[in-house]
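Have the sequence and the 3D view ready as you read.

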Amino acid sequence: MSLQKFLLESTWGYPIIAAIHVLGIAWFGGMVLVSRFIPDLRRLRMIGITLLLASGVVLFWLQPMRYYNSTSFRVKMLLLVVLLKTKPASALALATWVAIIFASRGIAFF
Amino acid sequence: MPLKNSFLFPAIQSIHLIGIGLFVGTIVLSDLRALQLVLQRYAITEIRQQLAPWNRAGLAIMLTTGPVLFASDVPRYIHNPAFLVKMALLLVALIFGRGEKQTKLAALVSIALWTCVVVGGRAIADFDIT
């Protein structure tokens with residue numbers, strides 16, 4: 001059985017990957033907050049981004065057409081580029097992170 | 001239109017997720033510092049002090065969005081095994097986190113508990129009994 005089939009058909013495969021994605025959100029959000037008072041957290045942010053990108057790639061690969069066809073997903077990807085180019089300690093970074101969360105939830109709808 | 005069918009429901013879910021970021025994020029960050037894996041140059045008391053307002057903001061968000069989401073569709077949630085497990089683990093995690101976590105083992109248990117709460121919450125959508 002391929003890994004893809006296994007993850008899609010197992011009870012816990014998909015929820016665990018999705019939960020890693022959510023924990024990555026908590027991690028990255030925490031880093032954006034902490035950047036406001038602690039400088040030079042690049043290494044820690046990289047850990048968060050790696051968690052998010054790795055789990056995100058797996059989630060995409062499991063249902064590529066669903067995400068490819070989603071406008072909300074494309075908006076989310078654009079916002080992600082914005083976030084990665086924003087100064088971490090800024091209000092804009094926090095606002096973009098919040099917007100990404102709303103865009104993520106919107107994938108289920110459009 | 002009932003809340004569970006309106007666009008407000010996913011909006012409140014998103015705020016719930018932001019609350020997770022703030023609440024669980026600050027807890028896990030503090031625990032990782034207790035395990036001396038991150039931010040070792042900074043005193044643990046200083047980190048906790050700086051994170052405290054964000055932790056409280058996150059908790060406030062969870063305590064409002066959680067009950068609102070639950071109340072929007074009580075039959076769905078009380079029959080959902082993932083939700084029931086999540087709430088049990090949440091209770092344990094909150095009680096466990098009340099005192100000052102003194103040992104590295106406590107920090108590890110805290111991270112494990114909150115990870116399970118997050119997994120349980122995410123699993124709700126996969127365990128709906130229709």
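This is a predicted model: local features need pLDDT of at least 70, side-chain atom pairs count only at pLDDT 80 or more; totals for chains, interfaces and linings use all residues.

The buried residues of α3(A) are covered by, among others, α2 of chain A. Which residues of α3(A) are buried? They are L44(A), G48(A), L52(A), S55(A) and G56(A). Because these residues cover an arc of only 105° around the axis, they sit on the same side of α3(A).

Now turn to the other face. Pointing away from the buried side of α3(A) are the exposed residues R42(A), R43(A), M46(A), T50(A), V57(A) and W61(A). The length of the helix can be checked too: α3 of chain A runs over residues 42-62, and at 1.5 Å a residue its 21 residues should span 30 Å, so the 30 Å between its end C-alpha atoms agrees.

Step back to the whole chain. Chain A has six helices and zero strands, giving the order α-α-α-α-α-α from the N terminus on. Its C-alpha trace spans about 50 × 25 × 15 Å along the principal axes, and 34% of its 110 residues count as buried. Of the contacts in chain A between residues at least 6 apart in sequence, 60% join residues at least 24 apart.

Finally, look across to the partner chain. The contact draws 23 residues from chain A and 24 residues from chain B. On the chain A side, α2 (13-34) and α6 (91-106) each supply at least two residues, and α2(A) gives the most, with 14 residues. By type, the chain A side that touches chain B consists of 20 nonpolar residues, two polar and one charged.

Conventions:
Residues are numbered from 1 along each chain as its sequence is written. Chains are lettered from A and ligands numbered from 1 in the order in which they are written. Helices (H or I, at least four residues) and strands (E, at least two) are DSSP runs, numbered from the N terminus. A residue is buried if 20 or more other C-beta atoms lie within 10 Å of its own, exposed if 12 or fewer, and partly exposed in between; C-beta atoms are placed from the backbone. Two residues are in contact if their C-beta atoms, placed from the backbone, lie within 7 Å. Ala, Val, Leu, Ile, Met, Phe, Trp, Tyr, Cys and Pro count as nonpolar, Asp, Glu, Lys and Arg as charged, and the others, Gly among them, as polar. The expected span of a helix is 1.5 Å times one less than its number of residues. The arc is that of the directions from the helix axis to the C-beta atoms.
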